[in-house]
Amino acid sequence: MFTVRSDYSETFEVIADLEKVRDFFGDIKNFIELMPSIESIQTDNKDVVHWKIRADVPFIGSFIEKFAVRERENSDDRVEWSSIDGEKYNLMRYTADFMPQGDIKTLVKFSQNIELRRKSATELHLLAGLAGENLISQEMSRQIGQMLKTFIEKAKNRLES
């Protein structure tokens, strides 16, 4: 099994009340607008959300992966999305936990985990075997980290304005 993984998490404070922050991170439109490398996010008639994300990996080039996720929790203190039941190849989990810090500040713990599984490297990309799991995982982690840092910066700016 050829497996590529990327994990990212960050905890940050936003000068905005809990309800405003939770509503922001629960609204998928904000990800489309503010997150680089998102090609599209669409919801089908079964409430499955299909993310299409572009990755640029050295030696391999650009490729696009699709992730089918479903909202698992949307409570006062947490928003969570994860892969649909039965998904075996493109796995994604996104969580945002919210902790009020008084009336006008909210601490957010944000994380995203992605795992791509293939029977062989060539199922991912013709050159994936040359680059190897580790290099692709490192590069995906770096790019997703940049993508999410940009998103978080833009989210804070929008929430605090």
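Biologist: Asp 47 lies in the loop between S2 and strand S3 (49-57). Is its phi positive or negative?

Modeller: Most residues other than glycine have a negative phi. Asp 47 has a positive one, near 60°. Asp 47 is also exposed, with a relative accessible area of 53% (exposed is over 50%, buried under 20%, partly exposed in between, with a 1.4 Å probe and protein chains only). Helices (H or I, at least four residues) and strands (E, at least two) are DSSP runs numbered from the N terminus. By the way, this is a predicted model, where local features need pLDDT of at least 70 and side-chain atom pairs pLDDT 80 or more, while totals for chains, interfaces and linings use all residues. Numbering runs from 1 along each chain as its sequence is written, and side-chain values use heavy atoms, without hydrogens or water.

Biologist: On to charges. How many salt bridges does the structure hold?

Modeller: Side chains of opposite charge can pair when their charged atoms come close. There are 12 salt bridges here (a side-chain nitrogen of Lys or Arg within 4 Å of a carboxyl oxygen of Asp or Glu). One of them joins Arg 158 and Glu 33, with the closest N and O atoms 3.0 Å apart. Arg 158 belongs to helix H4 and Glu 33 to helix H2 (residues 28-34), so this pair ties together parts that are 125 residues apart in sequence. Arg 158 itself is partly exposed at 36% relative accessibility.

Biologist: Which residue does Arg 142 form a salt bridge with?

Modeller: Glu 139, at 2.4 Å between the closest N and O atoms. Both lie in helix H4, three residues apart, about one turn of the helix. Arg 142 is partly exposed at 41%, whereas Glu 139 is buried at 11%. Arg 117 and Glu 115 also meet in a salt bridge, 2.5 Å from N to O. There, Arg 117 is partly exposed at 29% and Glu 115 is buried at 16%. Then there's a network of salt bridges linking Arg 78, Glu 80, Arg 93 and Asp 97.

Biologist: And the greasy side? Which residues touch the most other members of the largest nonpolar core?

Modeller: In soluble globular proteins, nonpolar side chains tend to be buried together. In this model, the largest core has 47 residues, and Phe 25, Phe 31, Trp 51, Phe 110 and Ile 136 touch the most other members (a core is a set of buried Ala, Val, Leu, Ile, Met, Phe, Trp, Tyr and Cys joined through side-chain atoms within 4.5 Å). H4 gives the most to this core, with 11 residues. Leaving aside neighbours within four places in sequence, Phe 110 is in contact with residues including Phe 25, Phe 31, Leu 148, Phe 151 and Ile 152 (contact means heavy atoms within 4.5 Å).

Biologist: Is Ser 6 buried or exposed?

Modeller: Buried, at 2% relative accessible area. Ser 6 is in strand S1 (residues 2-14). Beyond four places in sequence, Ser 6 touches Gln 112, Asn 113, Ile 114, Met 140, Ser 141 and Ile 144.

Biologist: Last one: where does Leu 127 lie?

Modeller: In the loop between helix H3 (121-124) and helix H4 (128-160). Leu 127 is partly exposed, at 34%.
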